[in-house]
Structure formats: C-alpha cells, structure tokens
Amino acid sequence: MRQTHFLNARLADGSLADLTVTGGRFSAIAPAANATAPPAGAVDFAGQLVLPAFVEGHIHLDTSFYGDAWRPHIPCTDGFDVRERVAFQVRSLEQAAPMDERAKNQLELYVGHGSLAMRSHVMVDAAVGLKHVETILGVREKYRELIDIQLVAFPQSGILSSLGTAELLDEALKLGCDLIGGLDPASFDRDVNGHLDVVFGLAERRGVGVDIHLHDGGTLGLFEIEEICARTAALSMQGKVAVSHSYALGDISADALARAGEMLAASGVAIMTNAPGNHPFPPAAALRSAGVTVFAGSDNIRDSWWPYGDGDMLNRANMIGYRSGFYEDRELEAACDVVSHAGAKALGLKGYGIAVGAKADFVALKAEHVPEAVVAVPRERTVYRAGRAIAKDGAMIA
Ligand SMILES: [Zn+2]
C-alpha cells in the first residue's frame with residue numbers, strides 16, 4: 001500500500017506534527033521528530049498550516065457562468081424578487097456555454113482552492129425537466145476521483161407552481177440525486193403544507209436528506225423554519241435536514257432567535273449561510289452557541305443572481321467573520337470551522353478531518369495558525385486528495 005510521510009505540519013492546535021498517510025488515509029500523527037534521516041520521499045511542510053479540505057455546502061453547478069462570457073447583472077424591477085430572478089436566469093442560460101463545461105470550470109476552481117467536498121443544488125422544473133440533473137450527474141462521475149459531490153434535486157420554479165415537478169423530483173432522486181430541495185414554501189408556492197408534504201414525503205419514501213432554500217424573512221420565514229423542524233423531528237430525520245439562507249434568523253428579535261436556536265438544535269436542523277452582502281443573515285455565533293450546526297456555501301458564482309464568488313471557502317470564512325464582527329482568535333477559528341468541520345457534519349461526511357483513520361484530504365498553506373489563515377486568506381497552498389498533491393496555488397496539477 002502506498003505510504004507517504006509529511007513532516008513538520010502545523011496543526012490547528014499550534015503543535016508541529018509528522019503525518020503518515022497509508023492507502024489514502026492518515027495512519028499516524030505524531031509530534032514532529034526532526035529525524036536526521038527522514039523517510040525516503042517525505043514532504044517537509046516546514047511549519048505550514050495543515051487544515052482538512054474545505055467543504056462547499058451550497059453551490060449551483062448548473063447555472064454558473066464562471067469561465068463563460070461575462071453577463072452583466074440585471075436588477076429586479078421592484079426589489080429582490082425570487083420569481084423575477086428565476087425568469088432572468090432562464091433567459092441568460094439560453095445563451096450560456098454548454099453546462100458540462102461551465103460545471104467543470106467551477107469544479108476546478110474549487111479543487112484548486114482546496115474544497116474536496118461539495119453540495120450542489122441542481123434545477124428541476126417543468127421547463128428543463130431532468131436535463132440539468134443528467135448533465136451534472138455525468139460531470140460528477142468524471143470528477144469522482146478529485147471531489148465528493150452531493151446533488152440536491154432543486155425545484156427552482158416551485159413545486160406546486162410548476163406542474164409535474166413533484167414527479168420530476170422523484171425521478172431525479174431515482175437517477176442519483178442525494179437530497180430533495182425546496183424553495184420558499186410560503187412566498188413562492190403560497191402553500192407551506194402543500195410544499196413541505198411533497199418535500200418530506202419524497203425524503204421519507206426515498207430515504208434521502210432535505211436542503212431547502214428559504215429566503216422568506218421575519219416571522220413568515222420563522223414560521224416555515226418551525227414547520228421544517230417539526231417535520232424533521234416527527235420523521236426522526238435529525239442531522240439530515242438543512243435550511244439554506246434562513247434570512248429570517250437575521251431579522252427577528254433576540255428572544256425569538258434564542259427560541260429558534262433551541263428548536264433547531266433539538267431537531268437537528270442545520271443552517272447554511274453565504275454571509276450575503278446586503279441581507280440580514282443567520283447570526284453564526286449565537287446559533288453555534290445554541291448547538292446549531294452552521295455551515296457555509298458560496299451559493300452563486302458569476303450567475304444571473306449575483307456576480308461575486310471565487311470558489312475559495314477560506315475566503316468565505318473570511319467573509320463570514322468580517323460580516324459577523326469576528327475579531328477574537330476563537331471567533332476566527334469558528335469561522336474556519338463553519339467551512340470545514342461544521343460543513344462536514346452538515347453534509348454527513350464520514351472520515352473527515354486531520355485524524356488517524358480519516359481520509360487524507362487536506363490543504364497545506366502559508367499561515368502561522370487558523371486565525372491568520374482566515375484573515376490573510378493565503379493564495380499559496382497545496383491541496384492533497386488521499387495524500388496525493390492535486391492542486392497548487394489555485395491551479396490543478398496536471
Ligand atoms: Zn442556492
């Protein structure tokens with residue numbers, strides 16, 4: 001079995017360690033020995049920080065224009081409106097480069113920056129049918145050796161509002177999607193129970209997890225979160241359900257937030273945020289203190305929703321810390337946790353982390369410690385998959 005030694009790796013606790021990888025997993029982690037005769041072929045990290053590979057918890061591989069022509073953002077006519085944005089998206093996708101090329105561009109961007117696990121939502125509706133799912137399933141297969149990808153069957157045009165979508169979602173799960181998605185049950189489909197009946201019904205029947213896009217704010221959004229938590233607990237789906245965005249958690253009273261935190265923790269429902277620029281967003285520190293799993297995603301990269309995003313989850317940790325007012329070391333470490341261990345927990349990844357027995361998927365980067373990595377976001381880094389270098393300084397190694 002192939003064995004590789006990595007010497008003088010700085011771990012998150014500040015210690016220097018020698019790591020041994022055997023057959024793609026960490027087989028030994030020991031204090032740095034500074035041996036006069038290191039093992040043949042050993043890689044000396046010389047004190048570089050080693051972190052587990054980052055987790056991109058929410059992306060759209062099918063709708064990004066990354067690497068395609070620049071498409072100027074079209075603003076909504078009367079404030080943010082999901083329905084109008086979906087219509088803009090349909091128009092811009094008609095002129096886009098082939099989907100598999102755009103998805104590959106995004107995947108290589110992620111791998112280059114050290115994300116080796118990802119959850120992508122993939123659009124399913126009456127107009128596109130299963131075309132996006134079929135294409136992205138094919139791309140996932142091609143990149144299987146480099147990155148682990150979960151796919152969410154995502155009803156971008158609603159479920160009840162888009163005739164036949166419930167059946168298509170079921171087909172998407174049968175084809176290989178890992179989770180069932182949802183979209184603003186109240187404001188989009190205007191029927192919270194009707195929408196959630198389909199989502200949780202499919203989850204139960206197919207034995208898959210749930211990840212729902214929820215932009216609805218205030219007490220309306222909170223009501224939907226309560227309904228999602230109640231259904232999760234009723235079906236004993238703790239740890240398998242996430243609510244993406246959950247803007248409502250960022251614009252309710254402190255008392256209501258405290259109650260919501262308790263409820264989310266008790267029902268095992270995770271919250272995904274991308275720390276959006278101009279929206280209230282879930283307060284990561286308060287939710288984490290309550291025991292809620294808060295994870296992160298970029299959501300959109302150069303798509304018709306917004307032009308930002310660089311595929312670097314360490315930079316996303318920086319944005320989360322910046323927008324959350326995180327200054328202390330323990331807070332900056334929490335920002336890093338959101339894009340790594342918490343993401344792994346939300347996605348249910350097995351064998352994650354820098355630990356004996358874990359998969360040797362990691363990033364070595366020029367930083368003294370985790371807080372510095374989060375504020376400095378060093379571009380210089382090497383990405384290892386199963387102990388093998390696959391990318392350096394943002395680019396794939398051929
Ligand atoms: Zn999304």
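Student: Is Val139 buried or exposed?
Tutor: Val139 is buried in this predicted model, at 2% relative accessibility. Buried means under 20% relative accessible area, exposed over 50%, and partly exposed in between, with a 1.4 Å probe and protein chains only.

Student: Which helix is Val139 found in?
Tutor: Val139 is found in helix H3, residues 131–142. Helices (H or I, at least four residues) and strands (E, at least two) are DSSP runs, numbered from the N terminus.

Student: What is Val139 in contact with, leaving aside its neighbours within four places in sequence?
Tutor: With those neighbours left aside, Val139 is in contact with Asp100, Ala103, Lys104 and Leu107. Contact means heavy atoms within 4.5 Å.

Student: Before we go on, how are residues numbered, and what pLDDT do local features need?
Tutor: Residues are numbered from 1 along each chain as its sequence is written, and side-chain values use heavy atoms, with hydrogens and water left out. As this is a predicted model, local features need pLDDT of at least 70 and side-chain atom pairs count only at pLDDT 80 or more, while totals for chains, interfaces and linings use all residues.

Student: Now the metal. Which residues coordinate the zinc ion?
Tutor: The zinc ion is coordinated by His58 (NE2), His60 (NE2), His213 (NE2) and Asp299 (OD), at 2.1 to 2.2 Å. Donors are N, O and S atoms within 2.8 Å of the metal (3.2 Å for Na, K and Ca); water is not among the atoms, so sites may look incomplete.

Student: Why is the arrangement irregular?
Tutor: The four donor atoms subtend angles of 88 to 169° around the zinc ion, so the arrangement is irregular. Four donors count as tetrahedral if all angles lie between 85 and 135 degrees; four count as square planar and six as octahedral if opposite donors are over 155 degrees apart and all others between 65 and 115; anything else is irregular.

Student: Where do His58 and Asp299 lie?
Tutor: His58 lies in strand E6 (residues 54–59) and Asp299 in the loop between strand E13 (294–296) and helix H9 (313–324), so this pair ties together parts that are 241 residues apart in sequence. His58 is buried at a relative accessible area of 0%, and Asp299 is buried at 7%.

Student: And E6 as a whole?
Tutor: Six of the six residues of E6 are buried, so E6 is largely enclosed by the rest of the structure. Four bridges join E6 to E7, and the two strands run parallel. Two strands pair if DSSP finds at least two bridges between them.

Student: What is the strand order of the open sheet?
Tutor: The open sheet has eight strands in the order E6-E7-E8-E9-E10-E11-E12-E13, with parallel pairing. E6 and E13 are the edge strands, each pairing on one side only.

Student: Which strands does helix H5 touch?
Tutor: Helix H5 (residues 192–206) packs on the sheet and touches strand E9 (179–183), strand E10 (209–214) and strand E11 (241–245); its direction makes about 175° with that of E9. Axes are lines fitted to C-alpha atoms, for helices over the stretch in contact, and angles run from 0 to 180 degrees between N-to-C directions.

Student: Which residues cover the two faces of E9?
Tutor: Leu179, Gly181 and Leu183 are on one side and Ile180 and Gly182 on the other, all buried.

Student: Last topic: how many disulfides are there?
Tutor: A search of the whole structure finds zero disulfides, a disulfide being a pair of cysteine sulfur atoms within 2.5 Å. Cys76 is buried at a relative accessible area of 16%, and Cys229 is buried at 3%.
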